[in-house]
Amino acid sequence: MTIFMMNSVYAIQYKFVAMDNSIYTKMCVLAGNNEQKALKTALRRHEHSPRSLANTTFCNGLIIANFAYKYQANMTYDYLKKYTHSRHVDKATKVSIQDVITRTTENKSTEEIILVYVGY
């Protein structure tokens with residue numbers, strides 16, 4: 001009997017690409033990239049309140065907090081969630097369990113980069 005144990009790491013990295021120069025697209029890119037400090041600054045400099053923006057800004061069809069959540073941008077999601085009305089926050093619990101066997105001995109970690117286009 002032979003047992004193989006591997007310490008492989010598989011990570012997905014998202015890269016957000018702005019398709020226009022609007023402030024809303026920039027906020028979506030900041031939210032997706034988990035740039036909490038820059039997002040706070042952008043929200044505060046806008047003419048509308050952070051609460052208003054959190055409830056009216058859509059990124060690729062999702063309210064901005066849910067967009068951050070979808071792409072595992074936890075810091076910006078936590079920041080936006082406090083301004084987002086409860087009816088807009090995605091309450092669905094997302095659990096995923098996967099068994100993955102990788103038979104790579106040379107490369108112990110694998111990374112996949114996914115481009116996400118934001119804006120019009």
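Hi everyone, thanks for coming. Before anything else, please keep in mind that this is a predicted model.

Let's start inside. The largest nonpolar core has 25 residues. Those with the most contacts inside it are Phe16, Met27, Leu39, Leu43, Phe67, Leu80 and Val118. Two or more residues each come from helix H1 (23-32), helix H2 (36-45), helix H3 (50-56), helix H4 (64-70), helix H5 (74-81) and strand S4. Which of these elements gives the most to the core? That is H1, with 5 residues. As a general reminder, nonpolar side chains in soluble globular proteins tend to be buried together.

So let's look at H1 itself. Because 7 of its 10 residues are buried, H1 is largely enclosed by the rest of the structure. The buried ones are Thr25, Met27, Cys28, Val29, Leu30, Ala31 and Gly32. Just after the helix, Asn34 takes a positive phi of about 65 degrees, if you'd like to find that spot on the screen.

Is Phe67 buried or exposed? Its relative accessibility is 0%, so Phe67 counts as buried. What does Phe67 touch, leaving aside its neighbours within four places in sequence? The contacts are Phe16, Cys28, Gly32, Cys59, Asn60, Leu62, Val116 and Val118. Two of those names, Cys28 and Gly32, were among the buried residues of H1.

Phe67 also brings us to the aromatic rings. The structure holds 7 aromatic pairs. In one of them, the rings of Phe67 and Tyr71 have centres 5.1 Å apart and planes at 65 degrees, so this pair is edge-to-face. Tyr71 counts as buried too, because its relative accessibility is 13%. Another pair, Tyr69 with Tyr77, has ring centres 5.0 Å apart and planes at 50 degrees, which makes it tilted.

With 11% relative accessibility, Asn66 counts as buried. Not counting residues up to four places away in sequence, Asn66 touches His88, Val89 and Asp90.

On to charges. In general, side chains of opposite charge can pair when their charged atoms come close. Both residues lie in helix H5, 3 residues apart, about one turn of the helix.

Met19, Ile113, Leu115 and Tyr117 make a nonpolar surface patch of about 410 Å². Ile113 is found in strand S4 (residues 109-118), and S4 is one of the elements that give two or more residues to the core. Ile113 itself counts as exposed, because its relative accessibility is 53%, over the 50% cut-off.

That's my tour, and I'm happy to take questions.

Definitions and conventions: Residues numbered from 1 in each chain as written. Predicted model: local features only at pLDDT ≥ 70, side-chain atom pairs only at ≥ 80, totals over all residues. Heavy atoms only, no water. Patch = residues over 30% accessible without salt bridge, like charges linked within 9 Å, V, L, I, M, F, W, Y side chains within 5 Å. Areas by Shrake-Rupley, 256 points an atom, 1.4 Å probe, with all protein chains shown as cover. Salt bridge = Lys/Arg side-chain N within 4 Å of Asp/Glu carboxyl O. Helix = DSSP H or I, 4+ residues; strand = E, 2+ residues; numbered from the N terminus. Buried < 20%, exposed > 50% of the residue type's maximum accessible area, 1.4 Å probe, protein only. Phe/Tyr/Trp six-rings, centres within 6.5 Å; stacked < 30°, edge-to-face > 60°. Core = buried A, V, L, I, M, F, W, Y, C linked by side-chain atoms within 4.5 Å. Contact = heavy atoms within 4.5 Å.
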